Each structure stands twice: as structure tokens, then as C-alpha cells.
Amino acid sequence: MLKGVSEGLSRLLAGAGRSKRVNLALQGGGAHGAFTWGVLDHLLEDGRLSIAGISGASAGAVNAVMLADGLARGGPEEARKRLDEFWHAASLGGLPGGQRAVLDRLFSLLPSEGSPVQLFMDTMAKFISPYDFNPLNINPLKDLIERFADFEAIRNFKELQLFISATNVHSGQLRVFRREHVTADVVMASAALPLMFRAVEIEGEPYWDGGFTGNPPLLPFLNANDVDDVVLVQISPLRRDKTPTTARDIVHRVNEITFNSALDTELRALDYIRRAEEQAGNGRVRSLNVHRIVLENVGTRLTMGSRLKTDKDFLNLLHRAGRRAARRFLDRHFGDIGRRSTIDLPAESAA
């Protein structure tokens, strides 16, 4: 009871003053993005932070668009409602029968890790592509996104900066789409895992998952607005303390490293910029305060296979974990926002 009174008092005191403006950077991770849903749900409910910009990759791009849509339509409460409706629709039982059947059929080609069927599919993956097993290019996720997001409203919502990352298949380079150019195809490109979905063509160029090259993009915030703080919602940890020894754990760690490499590069770049600012001493070089809310505890038990798990109870578990993580972050670091980074960038860069 005392804890509840304390939380209520802190919110009341926060509401008496101005909220702090931040940018949000949302990492991808398939169904694990329900953790980010929980983080956003608590931040919006708490009200001590106002959102000036959002970046996202893959599932983070989906969350970013749902958040932007809600803020454009009616503010924080509408954004909470939009995220809640989307994730419940994405869960088992949330889609209409026809769409659910197609999605299940697609996901059935990605069986549980470590199973004999997976070993067979790993071999067959050399010969079967999304162009073979999904010749009609049916993508119920795109239908779901278009059902919930008003992209015209998002593009016209000038109070918010939005950045979505995708990977150019031909060049292998990152492309960051700004709010004015975000469409359902851009979001699908950002979430297009190569062995699950066809490359998405935009302006004559094919794109794959943005997690390969910008997961999520941080550097665009340097010139996006006058807000100096970025809160990174991180699903995949940069560091593991145990060496994987089983085939399943090795594959899982390889995927974590692959999808974190771009983030690691951007954190190093921000540390370089910070040191350049200190050396310049004239305010001409701008750096960012970086903060992090990370999927811990339950996250250590997640696998690549659970990225495709859309069981309602599982998504709700991640949602609750996200709310707890956001609450802990605000309790520990709200006072640091606007003053300093709570990520040790030199340590991250030296790791």
C-alpha cells in the first residue's frame, strides 16, 4: 500500500511541473516487441515523459507507427489504446480466421528450435524461399498494420519526428525513412525477415529487415529536434556472460550479435561525438544523453523461436515485464534525464 501511495505522490508531483521531452529508439525482435508495448504503455500512463521523436526497426517500427498514430489521433491515452488493440489483434485468436490460417501456415515453416523438423527445415532453407512457399505474397501483418494505422495522419503530424530503418538488398546499406515518407510498405520493409517475407520494393529498390543495419537508428536524433535525450528500448542484450555450447544456443547468440552490431556501431559513434564535444569545448558539436530500458530476467529465457510466439498469455507476460522495466527506469533515472547519460558509453564502446 505504501508503495502505491509513493507512486501516486510521485506522479502528482510530476504533473505539477513540466514533463521532460525525450526521443525513443525502439529495437526489433518479433513477438518480443510486446515487451516494448509494455514499456510504452507505462511511460504514456505515467506522464512524466513527453515524446518528441521515435525511431524503430522491425517490430520496433510497428510499435513506433502505432504509437505515432495514437499520438496523432488523440494523445497518450489514444496511443495506449492503439497499442493495446494492435497487440491483442496480433495474438492468437485476434485475427479473423482466414488471416490467422495464412499466418499460422507461414509460421509453421519455422518449427521449434532444436527439433528434428527444424534440422530438416534448416537444410531445406537452402532450396526454399518465401518466393516458393508464398507465391501470392500474402502478408496478413500488412493488412493488420493498415487496419490500425492512419498513415496520412502520421505523415501530417509535424509535432513528432519518426524514423524507420530498412536494409537495401542490393547495396546492403541502411536507409532511414522519415515521417513524411512512412507508409505501410515502409513498415513491412523494416520487418521483412529474408527467410519469411519477400523483399519489399520501394521506389524501385528492394528492402529487407531494418534490424540488420539500424536496430534501431540513433544518429538521426542528432539533427531531428532540440531534445538531447534518447531512451533506447532494447530487446536483445549486447552482452552474455556464458558461452553457448548447444546448436540452438549458438544460433540464438549469433542472431543476437547480428542484430545488435548496428546498435553497437551507433553507440560507438555517439561516444566519439561526445568526446569530440568535450575536446571542442565551444558547443559546436552536439552529443546525446543515452538511456536504456532493457528486457532482462524473463529475457534470458527467450529464444529465436519465441520471437514467433503469438500466444496471448506470452504477449501479456512480456507486456507486464515491459511495464515493470519502465517503472524501474523512471524510479532510478528520471532525475538524470536532461542532465547526463545513464549508459556508460565509454564502457559500451570498449566492450
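Let's start in helix H11 (residues 247-280), where Asp271 and Arg274 make a salt bridge, with 2.7 Å between the closest N and O atoms. A salt bridge here is a side-chain nitrogen of Lys or Arg within 4 Å of a carboxyl oxygen of Asp or Glu. The two residues sit 3 apart, about one turn of the helix. Helices (H or I, at least four residues) and strands (E, at least two) are DSSP runs, numbered from the N terminus. Both Asp271 and Arg274 are buried, where buried means under 20% relative accessible area, exposed means over 50%, and partly exposed lies in between (1.4 Å probe, protein chains only).

A quick word on what you're looking at: this is a predicted model, in which local features need pLDDT of at least 70 and side-chain atom pairs count only at pLDDT 80 or more, while totals for chains, interfaces and linings use all residues. Residues are numbered from 1 along each chain as its sequence is written, and side-chain values use heavy atoms, with hydrogens and water left out.

So how confident is the predictor? Its confidence in each residue is the pLDDT, from 0 to 100. The chain averages 81, and 74% of the residues score at least 70. Over residues 1-16, though, the pLDDT is below 50, and it is below 50 over residues 97-126 too. Where pLDDT is low, the predicted coordinates should not be read in detail.

Back to the salt bridges: the structure holds 18 of them. In one, Asp69 and Arg73 bring their closest N and O atoms to 2.5 Å. They are about one helical turn apart, because they lie 4 residues from each other in helix H3 (residues 59-74). Asp69 is buried at 0% relative accessible area, whereas Arg73, at 43%, is partly exposed. Another salt bridge joins Asp336 to Arg339, with a closest N and O distance of 3.3 Å. Here Asp336 is buried at 8%, but Arg339 is exposed at 58%. There's also a network of salt bridges linking Asp41, Glu45, Glu77, Arg80 and Arg323.

Now for the strands. In strand E1 (residues 20-26), 5 of the 7 residues are buried. Two strands count as paired if DSSP finds at least two bridges between them. E1 pairs in the parallel sense with strand E2 (residues 49-56) over 7 bridges, and Leu24 stands opposite Ile54 in E2. E1 also runs parallel to strand E7 (residues 229-234), paired over 4 bridges, with Val230 of E7 as the bridge partner of Asn23.

Terms used
pLDDT = per-residue confidence, 0-100. Contact = heavy atoms within 4.5 Å.
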